[in-house]
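Here are my notes for your first look at this one. Keep the 3D view open and go through the points in order.

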Amino acid sequence: MARPQDPPRGFFPFGNPFRNLSSKNPVLSSNLLSLLNTFETNLASSITKLVPKEKSQILTLSWMSQAMVSLCQTHDAIKTLITALELPVSDWEDKWVDVYLDISVKLLDLCNAFSSELSRLNQGHLFLQFALHNLDTNAPQNLSKAQSSLDSWKRHIVSKNPRLESCHSILTSLVQTLNLPKVKNSAKGKVLMRALYGVKVKTLYISGVFAAAFSGSSQNLLYVTVSNDLPWAPSFMQMQNTMNAEIKSIFLSDGLTVMKELEAVDSGVKELAPAIQQGSIDPIVLQPLKDSVTELTSGIDLVSKEVDCFFKILLSGRDTLLENLRSMGASTVPQATSPKKAAGKKQRGF
């Protein structure tokens, strides 16, 4: 398991992007300020809800599911803001379109990697089910089969998923997009870019947590500095500092994996080892393992569902933008080629 890296001073290789949002012109109207303030207030509230109340909640499938639900809501909110701004694609500058399309395809690639790992983890459920079936019989001839299945599960869990290897480079490239394109003469564009900045910071950090948890590599864990002038900055820094401190501690441990539900199953397996060797299983001793397997399976299903929901939201937004560009008769419209969907899932184009 990789050792965590000290947080860098920040991810602003091209300067502070907030400076581009604070230019004196254009001046925002009271209506635009109201829309922006409402969006950023809601963003701050959504981030605050993701700050774990207990350390035990960090790197759990429950938190990951909640985080992905929150991302879906935030990306839906930016769509609502664009509608409220009455900012049709025909008024978008080319660089805005380029940034949006570039970011969306990278996020889709991350979703594919996460779905692949969730599918792989779910495949391990077969080993656990077979083991539990044999353990339930409490027949000596079946206990060796159960132990073999449990050993296979461990080997499966610690094996590497090559689909996750690209996460670090994708996250690194997304960090560079935090430097927003300058907005010259569009008050609505200024509001959009500032709102998108908040969405990108939240999305980028949560994606880094997912990548770190799934890959077991602290290199995917990000530390993003943001301007204190942003209303959602205190909530974000609280979430990031709380999460990163505990995640670093978890990475320094000697566990089978950094994810809590997987660790709970592994602990249950270790507790059963003496009873299996003795040739007799007490149902009371077996129950904790059953409960942890149920929680793990349920958690994987929930996170898979929300990752798929996020994928669809990204895909819908990208499809809508491309369709609008085509309807405008744009001279150059990016091809709607699709990254391949994670193994075991239906491929979807965009």
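1. Start with W232. Leaving out residues up to four places away in sequence, W232 touches E40, L43, A44, I47, Y197, G198, V201 and V226. Contact here means heavy atoms within 4.5 Å.

2. A word on what you're looking at: this is a predicted model, where local features need pLDDT of at least 70, side-chain atom pairs count only at pLDDT 80 or more, and totals for chains, interfaces and linings use all residues. Residues are numbered from 1 along each chain as its sequence is written, and side-chain values use heavy atoms, with hydrogens and water left out.

3. Which residues have the most contacts inside the largest nonpolar core? They are L135, F210, V226, W232 and F236, in a core of 110 residues. Helix α8 (residues 187-215) gives the largest share of this core, 18 residues. A nonpolar core is a set of buried Ala, Val, Leu, Ile, Met, Phe, Trp, Tyr and Cys residues joined through side-chain atoms within 4.5 Å. Helices are DSSP runs (H or I, at least four residues), numbered from the N terminus.

4. Now look at α5 (residues 125-137) and α6 (residues 140-158). These helices pack at an angle of about 160°, with their axes 8 Å apart. That makes α5 roughly antiparallel to α6 (the label is for angles over 145 degrees). Axes are lines fitted to C-alpha atoms over the stretch in contact, and angles run from 0 to 180 degrees between N-to-C directions. On the α5 side, the residues that meet α6 include F127, F130 and L135; their partners in α6 include L143, L150 and W153.

5. Most residues other than glycine have a negative phi. Yet phi of L59 is near 60°, and phi of N138 is near 55°. Are these two buried or exposed? L59, in the loop between α2 and α3, is buried at a relative accessible area of 1%. N138, in the loop between α5 and α6, counts as partly exposed at 30%. Buried means under 20% relative accessible area, exposed over 50%, partly exposed in between (1.4 Å probe, protein chains only).

6. Finally, confidence. pLDDT is the predictor's confidence in each residue, from 0 to 100. The chain's mean is 86, and 86% of its residues reach 70 or more. Where pLDDT is low, the predicted coordinates should not be read in detail.

Notes
Helix = DSSP H or I, 4+ residues; strand = E, 2+ residues; numbered from the N terminus. Parallel < 35°, antiparallel > 145°, perpendicular 65-115°, else oblique.
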